[in-house]
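Thanks for asking me to look this over with you. Please open the structure beside this note and follow along.

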Amino acid sequence: MHGTRRHHDRLLAAWLARADAPCPVCGYCLHGLRTARCPECATPLQLSLASSNLRKGPWTLAVVSFALALGFDGVVTVLLLVALALSPSPRLQPFGVVTAFGAMSAACLGGLLLLIHCAKAWVRVTPRAQWARAWAAFVLVGLGHAAFGIALWATLK
Ligand SMILES: [Zn+2]
């Protein structure tokens with residue numbers, strides 16, 4: 001293990017001898033550094049491979065699209081269930097509304113779980129395709145909720 005670490009430290013030093021790289025934490029120029037620790041902020045450094053396919057932006061947008069909607073629909077479902085339990089008034093017509101919000105919550109949870117299930121396939125496509133999928137999820141969730149809101153409003157008015 002120590003041998004491997006020393007080997008990695010030597011590779012890092014050899015690379016920094018030629019490369020003009022900033023510290024990933026504080027931005028200090030590490031050119032010529034001979035240790036695996038930033039002299040400015042003391043953060044430990046390591047040499048690694050990266051891929052633009054692993055950028056978190058598109059993934060975050062897709063997850064947040066489903067998670068925000070799930071959070072909203074879930075909270076409304078719970079509030080309606082509490083209101084129904086406290087005041088079972090027929091004026092509320094709550095069962096249809098509670099069921100509808102519960103179904104929307106389940107759909108958003110399904111989308112979120114599907115996204116997590118497909119995480120390995122997600123990083124195999126280009127960042128451009130990832131952004132297209134993420135924006136599609138965002139728009140679909142938004143349009144789905146707009147349609148749901150209009151249908152609910154038309155039913156309850
Ligand atoms: Zn630093």
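Here are my points, in order.

1. Before we start, residues are numbered from 1 along each chain as its sequence is written. This is a predicted model, where local features need pLDDT of at least 70, side-chain atom pairs count only at pLDDT 80 or more, and totals for chains, interfaces and linings use all residues.

2. The protein is split into domain 1 (1-48) and domain 2 (52-156), with bounds from an automatic or database domain assignment. Taken over C-alpha atoms, their centres are 43 Å apart.

3. Now find helix H2, residues 57-86. Helices here are DSSP runs (H or I, at least four residues), numbered from the N terminus. H2 has 30 residues and reaches 43 Å from first C-alpha to last, close to the expected 44 Å (1.5 Å times one less than its number of residues).

4. Which residues of H2 are buried? They are Pro58, Ala62, Ser65, Phe66, Ala69, Leu70, Asp73 and Thr77. Buried means 20 or more other C-beta atoms within 10 Å of a residue's own, exposed means 12 or fewer, and partly exposed is in between, with C-beta atoms placed from the backbone.

5. The largest nonpolar core has 10 residues, including Phe66, Phe101 and Val141. Such a core is a set of buried Ala, Val, Leu, Ile, Met, Phe, Trp, Tyr and Cys residues joined through C-beta atoms within 7 Å. H2 gives the most to this core, with four residues.

6. Lastly, look at alanine 42, in the loop between helix H1 (2-18) and H2. Alanine 42 has a positive phi of about 70° although it is not a glycine, and it is exposed, with 10 other C-beta atoms within 10 Å.

Definitions and conventions
Helices (H or I, at least four residues) and strands (E, at least two) are DSSP runs, numbered from the N terminus.
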